[in-house]
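Please keep the sequence and the model at hand while reading.

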Amino acid sequence: MQNNVNTFGEERLSTRRILITTISFSLIITLPIWAMFGTSVALGYIVGSAWMCINFLILSLLLSYLTGRRLKSKVLVILLVFAKMLLLYSVLVLLFWVGWFNHLGLVAGISTLWMVILFKTIGLSISPSKRDGNAS
């Protein structure tokens, strides 16, 4: 087996691919949301999706930092995690509290990334691997 071939389709579940798929889906689905529910819901959807993508990106960077290097300072890691939580979740609370965007749109946008991960995982579990010779 080659070293650059991932057995379980990890390349399709990489952070980069998940973010690209989420952003693409969010941009495509915003037009029908705007047409059906209006500007406030569509903007809330885009902002919620962008917030979740930023949160996921920072989380994946923190996890790769934690698992990829020898840590000399556990205090630095704890400070980075708390800084992420404080900044990002304060922004999220502010988005809900200010009321510029529809809350339904924000929640739908935040949920989009998790739906992309779920559907990608289901697709990987259903579709046969091309390396096994089962795919047409």
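How many residues does H3 have, and what distance does H3 reach from its first C-alpha to its last? The model examined here is a predicted one. In this model H3 has 25 residues and reaches 36 Å between its first and last C-alpha atoms, close to the 36 Å expected at 1.5 Å a residue.

## Overall organisation

The chain contains 4 helices and 0 strands, and from the N terminus its elements follow the order α-α-α-α. The chain has 136 residues, of which 26% count as buried.

Among contacts in the chain with a separation of 6 or more, 69% are made by residues 24 or more positions apart. The chain exposes about 9,700 Å², and 71% of this area is supplied by carbon and sulfur atoms.

## The nonpolar core

The largest nonpolar core is made of 11 residues: Ile18, Leu19, Trp51, Met52, Cys53, Phe56, Leu88, Leu92, Ile110, Leu113 and Ile117. Two or more residues of this core are given by each of helix H1 (15-37), helix H2 (39-68), helix H3 (74-98) and helix H4 (103-126). H2 provides the largest share, with 4 residues.

Setting aside residues up to four places away in sequence, Cys53 touches Leu19, Thr22, Ile23 and Leu113.

The buried residues in H3 are Val77, Lys84, Leu88, Leu92 and Leu95. The cover over the buried residues of H3 includes H2 and H4.

## The loop after H3

Gly99 follows H3 and has a positive phi, near 80°. This glycine is found in the loop between H3 and H4. With a relative accessible area of 45%, Gly99 is partly exposed. Although Gly99 and Ser40 are 59 residues apart along the chain, their C-alpha atoms are separated by 9.9 Å.

Which residues does Gly105 touch, not counting residues up to four places away in sequence? Gly105 lies in helix H4, and the residues it touches are Val41, Gly44 and Tyr45. Gly105 and Gly44 are 61 residues apart in sequence, yet 4.4 Å apart in space, C-alpha to C-alpha. Gly105 counts as buried because its relative accessibility is 1%, under the 20% cut-off.

Ser49 is found in helix H2. At a relative accessible area of 4%, Ser49 is buried. Leaving aside neighbours within four places in sequence, the contacts of Ser49 are Thr22, Ser26, Gly109 and Ile110.

Notes:
Residues numbered from 1 in each chain as written. Predicted model: local features only at pLDDT ≥ 70, side-chain atom pairs only at ≥ 80, totals over all residues. Heavy atoms only, no water. Core = buried A, V, L, I, M, F, W, Y, C linked by side-chain atoms within 4.5 Å. Buried < 20%, exposed > 50% of the residue type's maximum accessible area, 1.4 Å probe, protein only. Contact = heavy atoms within 4.5 Å. Expected span 1.5 Å × (residues − 1). Areas by Shrake-Rupley, 256 points an atom, 1.4 Å probe, with all protein chains shown as cover.
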